[in-house]
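Here is a friendly briefing to read beside the model.

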Amino acid sequence: MEPTNLCTTDDTSYLSKRWSNLRKILERPGPFCHSSYEASPENLEFLQTSCKILIIGAGGLGCELLKDLALMGFRDIHVIDMDTIELSNLNRQFLFRRKDIGYSKAEVAAKFINSRIHGCKVTAHFCKIQDYDENFYRNFHIVVCGLDSIDARRWINGMLLSLVCYDENGAVDQSTIVPMVDGGTEGFKGNARVILPGITACIECTLDLFPPQVTYPLCTIANTPRLPEHCIEFVKIIQWEKENPFGTALDGDDPVHVTWVYEKAIERANQYNITGLSYRLVHGVVKNIIPAVASTNAIIAAACSTEVFKLATSCYDVMNNYMVFNDLDGIYTYTYEAEKKEDCLACSNIPKVVDVEDPNTMTLEDFIKFLCESNEFRMKNPGITAFIEGKNKTLYMSTVKSIEERTRPNLVLSLGELGLKDGQELMVADATNPNTITLKLKYNANDIEMKSD
C-alpha cells in the first residue's frame, strides 16, 4: 500500500500543532543559544520560506536526510544523485520500492517526499555534481553530503572553497560562506562534521582520516593467496573472464552470479587452507562495498540534520566540529575539533611544497605516480603545467587525446631535463578538485648539478 500524505490542507487541527515544538525552540531564548541569536517567529519563517538546502546523495544517508529535513520544516530542498535504484538498495533506502528499480534515485526520492509531506518541494537533479558550476552551488544556504565517495567529497569541498571571498586584509567575507555538513557511515561506524569553508578544517585538511582504498597485487591473488579476499578477487578478475559462466559481465546484484563466485572462491580457499570466507564477504568484495547498516545511517543523518537546523536558525552553537560514532560493541561517541592544516592543498593560500630527493633521477612519470599513490595527495589523473622560460608549458595531460600524444614523451624525462628548477611552481589539475592546485618543488640535495635539454 502506498503511503498517504502526512498532512492535507483541510486538516487545520494538525496544521495548528504541526510546528509547535519548533516554535518552542525558535521563539524562546535559552541558556545554550548562540550569542547573536534573537528569538522570533521570523526564524521559523526563514526556515520554511527562504532557506535553500542541497542534499548530495540519495542513498542510505540521503534518504534519511531528506526525510529528516522535510519533517523539520525545510521546504526548499534540492537533491542530486547520478545513480539508479538497485535491488540491494531496498533494505535500507526506504524511499524506494521494487517497482522503482532502474529509475533515478534523486527523482524517485523527490517524488516520494513531495507526495508524502505537505508543503515541501524537493527538486531532483539526476546527474553528477561536476555537471554544475559555481553559480549553481552559490544559490544554496547549506550543502549536506550523504556520499559514499571520497573523491566526490573532495570535489564539492573544493567547489565550496572557491565560492569564498576575502577582503584586502585576507579575512574571510562570511557572507560568501556556504557551510557544508558531511556525514559518512561504514557498517556500524559513522561520523558527522561541520565545515565552514575558509574558517574550519576542510576535507583535504583531514584526508588522512580516510583510509586508502585496498587493492591486491595480481601476482599475489594469482600465485600466493593468503586472505579470503585474495580468493574472491581471483575468481572476480581472472576466473570469471576465463570461464564466462553466464555469457555476461559479472553483476554484483545478481544472486546467481554472486553464488557462482562464492562457490568458486570456496574451492580456491580450500586449496590454500584459507578460512573466513562467507557469502556476505563475497558480495562486499564483488561490489567493492562495506555492507551498510540502516540504524547507523539513521543516527548519522539525525546528527547532520540537527547541525543543518542550527546553522539555518542560529539557535545554538554548531558542532565543533567532528563527531565520531561507533555502535559495534555498545555505543561509543565523541566530538573533537579537527584543525586546519596551514599548508592544506585546498584551503590554504600558499603553494604546497613537494620534496624531491634528486630531480635528475625522478622522471615526470615518477612524479605523477607519486601524486597518485601518496596518502597526502591521492590524485587520480593529474595534468601538469609550468611556467618555464617565460612560457606556460603543458608537461602532461591525459584527458585530451591530442595533448596526451604530444606530451607523452615528457613522461620519461627527468624533472631536471624538463627544466624544472628548485622552487618551481607547478599547476596541477585533477578530477578530485574543481580548481587548479599549485605545487612548489623543493630539491633536498644542495649540490645537484641540474641536467637540461
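**Helix 4**

Helix 4 is mostly covered, with ten of its twelve residues buried; buried means under 20% relative accessible area, exposed over 50% and partly exposed in between, using a 1.4 Å probe and protein chains only. This is a predicted model, in which local features need pLDDT of at least 70 and side-chain atom pairs count only at pLDDT 80 or more, while totals for chains, interfaces and linings use all residues. Residues are numbered from 1 along each chain as its sequence is written, and side-chain values use heavy atoms, leaving out hydrogens and water.

- Among the buried residues of helix 4 are Cys63, Glu64 and Asp68. Helices here are DSSP runs (H or I, at least four residues), numbered from the N terminus.
- From first C-alpha to last, helix 4 (residues 60–71) reaches 17 Å, close to the 16 Å expected at 1.5 Å a residue; the expected span is 1.5 Å times one less than the number of residues.
- Gly73 follows helix 4 and has a positive phi, near 110°.

**Cysteines**

- The count of disulfides (pairs of cysteine sulfur atoms within 2.5 Å) comes to zero.
- Cys372 is in no disulfide either, as the nearest cysteine sulfur, that of Cys344, is 18 Å away.
- Cys51 is buried, at 1% relative accessible area, whereas Cys372 is partly exposed, at 27%.

Notes: Helix = DSSP H or I, 4+ residues; strand = E, 2+ residues; numbered from the N terminus.
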